[in-house]
Amino acid sequence: MNTSLSFNNLRQQTVLTVYAHADDEVLPAAGTLSLMSKAGWSIRCLILTDGNYSSSSIKGTRHQEAEAAGKIIGATYEFYAFEECNFSTQAVIKVTEEAIKSWKPDLIITHAPQPEKYGHRDHEVCAIAVSNVATRKNIPLWYSAPPVFLRGFEPNFFVDITTVIDEKISAIQCYESEEEKSFMQLDAILVLSRFWARELGQKDGYFEAFEISRQWVGASFFTALNHVKTES
Ligand SMILES: [Zn+2]
């Protein structure tokens, strides 16, 4: 299996995202996933729980909401129904290994591991399990920004999502059952996207931030970068 990011379109690249709850994928990464899908990548989102333990009064719709978001950003989903706050690292390792076997991802994106007390328990378990698998199988791994409390998140890779900000907003708005939550408020999400732009010295635009945990590239990566520079 070729697990390097070649960026040269010799074959379709596949990204696998593994998140605890449906909506965890769009908040930090909808723009990037949308750009990848427009570039011909295959986007596979694995969601571990069904969201029925959420404090939202609307129950049982999270998977449908995810499918709707997936249509906007070009992603397909696979759902598990692990009990929230009660699934094990071993269980996540098992389903991640199965997903890798099926989809042979070139890149995995998941929650950022955070210091204890800051991260959601389910995000923590997911981050640790997926990191374990990606490391053992030598697959590039990026962490996305936590929905709240950024402690412990050390972004070192930023994606300009300005051209797809409308898709990101639309994908987030698919999650009607979660719209009352503070971390789902669009103005705050846009502010954070602008904050990442400011961190890069950009006066305009919207960015998403990732922390590269593990990455390796093939020789063609450098040719592809030349190509990007010529286009910009
Ligand atoms: Zn979550």
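**Close-up 1. Helix 3 against helix 4 in a predicted model.** Helix 3 (residues 89–103) and helix 4 (residues 121–136) have axes that come within 8 Å and cross at roughly 50 degrees. That angle makes helix 3 oblique to helix 4 (angles under 35 degrees count as roughly parallel, over 145 as roughly antiparallel, 65 to 115 as roughly perpendicular, and the rest as oblique). The crossing of this pair is right-handed, meaning that the near helix is turned clockwise from the far one by less than a right angle. On the helix 3 side, the contact is made by Thr89, Val92, Ile93, Thr96, Glu97 and Ile100, and on the helix 4 side by Val125, Cys126, Ile128, Ala129, Val130, Asn132 and Val133. Sorted by type, the residues of this contact are nine nonpolar, three polar and one charged (Ala, Val, Leu, Ile, Met, Phe, Trp, Tyr, Cys and Pro count as nonpolar, Asp, Glu, Lys and Arg as charged, and the others, Gly among them, as polar).

Residues are numbered from 1 along each chain as its sequence is written. This is a predicted model, with local features needing pLDDT of at least 70 and side-chain atom pairs counting only at pLDDT 80 or more, while totals for chains, interfaces and linings use all residues. Helices (H or I, at least four residues) and strands (E, at least two) are DSSP runs numbered from the N terminus. Axes are lines fitted to C-alpha atoms, for helices over the stretch in contact, and angles run from 0 to 180 degrees between N-to-C directions. Two residues are in contact if their C-beta atoms, placed from the backbone, lie within 7 Å.

**Close-up 2. Helix 2 alongside helix 5.** Here the axes of helix 2 (residues 62–73) and helix 5 (residues 165–173) come within 8 Å and cross at roughly 170 degrees. Helix 2 and helix 5 are therefore roughly antiparallel to each other. Ala69, Ile72 and Ile73 from helix 2 meet Glu167, Ser170 and Ala171 from helix 5. Those contact residues split into four nonpolar, one polar and one charged.

Close-up 3. Seven strands line up in the order 3-2-1-4-5-7-6, with mixed pairing (two strands pair if DSSP finds at least two bridges between them). Strand 3 (75–82) and strand 6 (157–160) are the edge strands, each pairing on one side only. On average, neighbouring strands of this sheet are turned by 25 degrees against each other, direction ignored. Look for Leu46, whose bridge partner in strand 3 is Glu78.

**Close-up 4. Strand 7 and its two partners.** Strand 7 pairs with strand 5 in the antiparallel sense over four bridges, and Trp142 has Ile212 of strand 7 as its bridge partner. Strand 6 also runs antiparallel to strand 7, joined by four bridges. For Val159, the bridge partner in strand 7 is Glu208.

Close-up 5. Helix 1 (residues 26–38) lies across strand 1 (14–19), strand 2, strand 3, strand 4 (107–111), strand 5 (141–144), strand 6 and strand 7 (207–214), and runs at about 85 degrees to strand 7. Helix 6 (residues 186–199) also packs on the sheet, where it touches strand 6 and strand 7, with its direction making about 70 degrees with that of strand 7.

Close-up 6. Phe207 is found in strand 7 and counts as buried, with 23 C-beta neighbours inside 10 Å (20 or more other C-beta atoms within 10 Å means buried, 12 or fewer exposed, and in between partly exposed, with C-beta atoms placed from the backbone). Leaving out residues up to four places away in sequence, Phe207 touches Phe158, Val159, Asp160, Ile161, Ser193, Trp196, Ala197 and Leu200. Over in helix 6 sits Leu192, partly exposed with 19 other C-beta atoms within 10 Å. C-alpha to C-alpha, Leu192 and Tyr206 are 8.5 Å apart in space and 14 residues apart in sequence.

**Close-up 7. Two positive phi values.** Cys85, in the loop between strand 3 and helix 3, has a phi near 60 degrees, positive in a residue other than glycine. Cys85 counts as exposed, with 12 C-beta neighbours inside 10 Å. Lys104 lies in the loop between helix 3 and strand 4, and its phi is also positive, about 45 degrees, although Lys104 is not a glycine. With 14 C-beta neighbours inside 10 Å, Lys104 is partly exposed.
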